[in-house]
Amino acid sequence: MRPLVLAGRAVAADLAALGAKRQSWRLQSPVTSPAGDRDAALITHQHDWELAQALDYKLAIGRDERPAQTSLSYVRLPAEFAELGDGDVLRVQPETGRVRLLYRRSSGHNFFLVTERCNNFCLMCSQPPKSVDDAWLMDEIGDTLPLVDPTTPSLTFTGGEPLTEWRRFIRLLNLTRDLLPDTAVHVLTNGRAFASPDVAIAWAAVGHPKLSAGIPIYAAVDAIHDYVVQAKGAFDETVLGVLRLKDCGQRVEIRVVLHAITAPRLRETCSWIARNLPFVDHVALMGLENTGFAIVNDDVLWIDPLDYQEQLAAGVDVLSTAGVNVSVYNLPLCVLDPSVRPFAVQSISDWKNAFVEECDGCSARRDCAGFFSTGRPKFSRGIAPI
Amino acid sequence: MARFAQPDSFLPVASALRLLPVRFERLGVDRFLVGNMVGDMTEMTQAELDRLCALDLAPGDGLYERAFEKLFIASVDQSAQQQILALRLRSRLSFLRAATPLHLFVVTLRCEHSCPYCQVSRQSKDRTRYDMDQATASKALDIALSAPAPLIKLEFQGGEPLLNFELIRWIVLAAKERAAPLGKQLQFVITTNLALLNDEILEFCAEHDVLFSTSLDGPRDLHNKNRPRRGNNSYELAVAGIERIKERLGPDRVGALMTTTEASLDRVEDIVDEYLRQGLYSIFLRPLSPYGFAIKTRQFHKYRAQEWLGFWKRGLRYILDINKAGRHFPEFYSALIVRRMLSDEPIGYVDLRSPAGVGLGALVYNYDGAVFASDEARMLAEMGDRTFELGSVHEHSYRDLVLSDTLVSAIADSLTQTAPQCSSCVFEPNCGADPVYHHATQKDVLGIKPLSEFCERQMGVITHLFELLEHSPEDAAILRRWAQ
């Protein structure tokens, strides 16, 4: 099982005519003229080269060799690179020939990495934070958003902590509101920035009708949450942040990642959410993605999901009977208590979603979240066809 | 390689820990119920409670975790715990924002029943004297519609209100006409024994969305014994009426209330079975109130709080087992209390809130135009005690009535938040003030709580429900569903 390859280096390229600047390109089949100067021809057949040249495309992208008679700028992608389609957006770095796929129109799981900086340092972080100046990432997103299909149903901004440079990020959200007003925009943030009223008010002022914040709370106990996120005082700021956002009428999702530190108190955590934050819009109880720091901290984090089913069933029941919208993410149906299965969601992004051999004979596979293919997947002893 | 800090790097500084407001109550030899100011409770041993009070706890010992989750403790540099308490307290008191949603119209005091436990002191004759007239109804309606609540519930009471159905018809039509320009929503309920139900009434109620609330005390012999009527057919008429309403208006358009008398005490299963047989969707195992004929005929004094509690517990056990077998059939009183215990949404029940629900929760317009602070207040008045008479529809506006000295002092003098024994009671957040009850039984709106059967009953009910929620997972799951 392997994730889709979303980045790589061109096998061959001729980009001299494009200058040195990195740019985002939207792919389009050369059956029509480019809609704008940032449309690149998607070459899938031999005759596409001719069409692309005839229609005056500036760039062609495909997997084949450029025919000898063509002089069009081009990128030839490595064979293992993910399947591409019309409307997808690629970032091309002319100097190095590096190519990254930033947006796939057919996917329901598009995300933009806003920054790798973060003021939490979670034990199980799948995207370990780095203290680097990566402000260029937001420039790149600003450059890419105009190329994203405005009918795209959903988009996620993730990090790092997207609100690290919160003023710039709010500007990016304003741009998203103007370009993609119908898209559900989900921001994965640790929520601590919202403890400051300025940030919560600026966020609310964006006024995107489908903007929501996904905020992790790992326990209802300060010492446990702070330990998991490796930041003293984080629990207090995060909870205050959630309260402020809701006070401003904003959508908030609470995310609880399940591992050996959080799962044993899950019943209490869910009861606490039901009692104290019943007004949040969604609670996601999430299986662990064994990648990034989770691999390093395996000894303190790993618990077979089978061993927290009682806690999970109790937590789901407490939340759902309290009228809180709850889902279970990232766990295969076979390890879940039957009472929990109706709450399970196919949550794993398509590019890193996989199934194992046991799934072949399973009647529930079509509805199942399956597994992460990233990092070093670990499997429950409960995996068996249903 | 990244470096990670150990759990002990995130411990609170011991000297920074502080105790937030907590209350407790002894449950048994070494068991205490400990609660916060918004009704969350947990069980502790004596040693645990001592350690909590001495702040002798730390992450990892299990007690710290429980105490933090229940908002019993916080560190001085934290503010989320207090913010949560504050916002939840605000939610729990938010019924004050939608004042006086319930308005009771006593359209007549006449009744064709002669129940010895009658709490309203019915009259049997003299139509002109005991019926409400249209002019009075019209004034009362104006007062009702000037209350701040966006949803106004009009309940028609008696006596037997169907004896003056013409007036009900007039009020419903007038209310609809007058509410529309004010943007108010309306709900109508007739509290009736159903003996006088006919097609014309059914037709009207179907057309205008009028609900029915009736009395069903249990099986035929018990019901007819409690509720005597010429022909000895109260039960037959009530049951036939329930059936006709379900058929014509739908199964959720009629609810029934039972009154517990001495004769009911050992027959709770029979009573529940009768409700199931009649296809009713819930039951309310409620005690008799100390008003009206219930006092005069000494019915009220025939059993004490503990006997009622035994009756209620036995009934609840029986009802929970029925639910376990797959039939959704809530006990209303338990559902109310569990909702108080598990959510901060204010319930519409006027007897379980502080500031008290008198006036702020409901107003009662008597047949003669006198306005009372609650249904019980007019019951008292019929016994000659007019303490809670707020004024008259002919002379006063809504503002005059709710700001009257009578109401303001009844409410201010009965706040459980500041009352001796209540202010430190672990049950207080889930309880309420009942100034009329305490005035009726103790001549004191606040009440001397150790002598109060209201208090005894509430403590018994909440403790029992707490035990079920904590120690009986299957029952807890059912109770939580009732509270939804």
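Two residues are taken to be in contact if their C-beta atoms, placed from the backbone, lie within 7 Å. The structure is a predicted model, in which local features need pLDDT of at least 70 and side-chain atom pairs count only at pLDDT 80 or more, while totals for chains, interfaces and linings use all residues. Residues are numbered from 1 along each chain as its sequence is written, and chains are lettered from A and ligands numbered from 1 in the order in which they are written.

By the contact criterion, Val358(B) touches Ala373(B), Ser374(B), Ala377(B), Phe388(B), Leu407(B), Ala410(B), Ile411(B), Pro435(B) and Val436(B), with residues up to four places away in sequence left out of the count. Val358(B) is also among the residues with the most contacts inside the largest nonpolar core, together with Ala60(A), Ile61(A) and Phe105(B). This core has 249 residues. A nonpolar core is a set of buried Ala, Val, Leu, Ile, Met, Phe, Trp, Tyr and Cys residues joined through C-beta atoms within 7 Å. A residue is buried if 20 or more other C-beta atoms lie within 10 Å of its own, exposed if 12 or fewer, and partly exposed in between, with C-beta atoms placed from the backbone.

The element that gives the most to the core is H18(B), with eight residues. Helices (H or I, at least four residues) and strands (E, at least two) are DSSP runs, numbered from the N terminus. Helix H18 (residues 453-471) of chain B and H19(B) have axes that come within 6 Å and cross at roughly 115°. Axes are lines fitted to C-alpha atoms, for helices over the stretch in contact, and angles run from 0 to 180 degrees between N-to-C directions. In this contact, Leu465(B), Leu468(B) and Leu469(B) of H18(B) meet Asp475(B), Ala476(B) and Leu479(B) of H19(B). Five of the contact residues are nonpolar, none is polar and one is charged. Here Ala, Val, Leu, Ile, Met, Phe, Trp, Tyr, Cys and Pro count as nonpolar, Asp, Glu, Lys and Arg as charged, and the others, Gly among them, as polar.

The contact between the chains takes 27 residues from chain A and 25 residues from chain B. On the chain B side, helix H2 (63-69), helix H3 (80-92) and helix H19 (473-482) each supply at least two residues. H3(B) gives the most, with five residues. By class, the chain B side has 14 nonpolar, five polar and six charged residues.

Chain A is divided into domain 1 (7-97) and domain 2 (111-372), with bounds that come from an automatic or database domain assignment. The C-alpha centres of the two domains lie 35 Å apart. Seven residues of domain 1 of chain A are in contact with seven residues of domain 2 of chain A.

Chain A has an open sheet of seven strands in the order E9-E10-E11-E12-E13-E14-E15, with parallel pairing. Two strands pair if DSSP finds at least two bridges between them. Strand E9 (111-113) and strand E15 (326-329) of chain A stand at the edges, each with a single partner strand, so one side of each is left without a neighbour in the sheet. The twist averages 20° from one strand to the next. Strand E13 (residues 251-258) and strand E14 (residues 282-287) of chain A pair in the parallel sense over six bridges, and the bridge partner of Ile254(A) in E14(A) is Val283(A).
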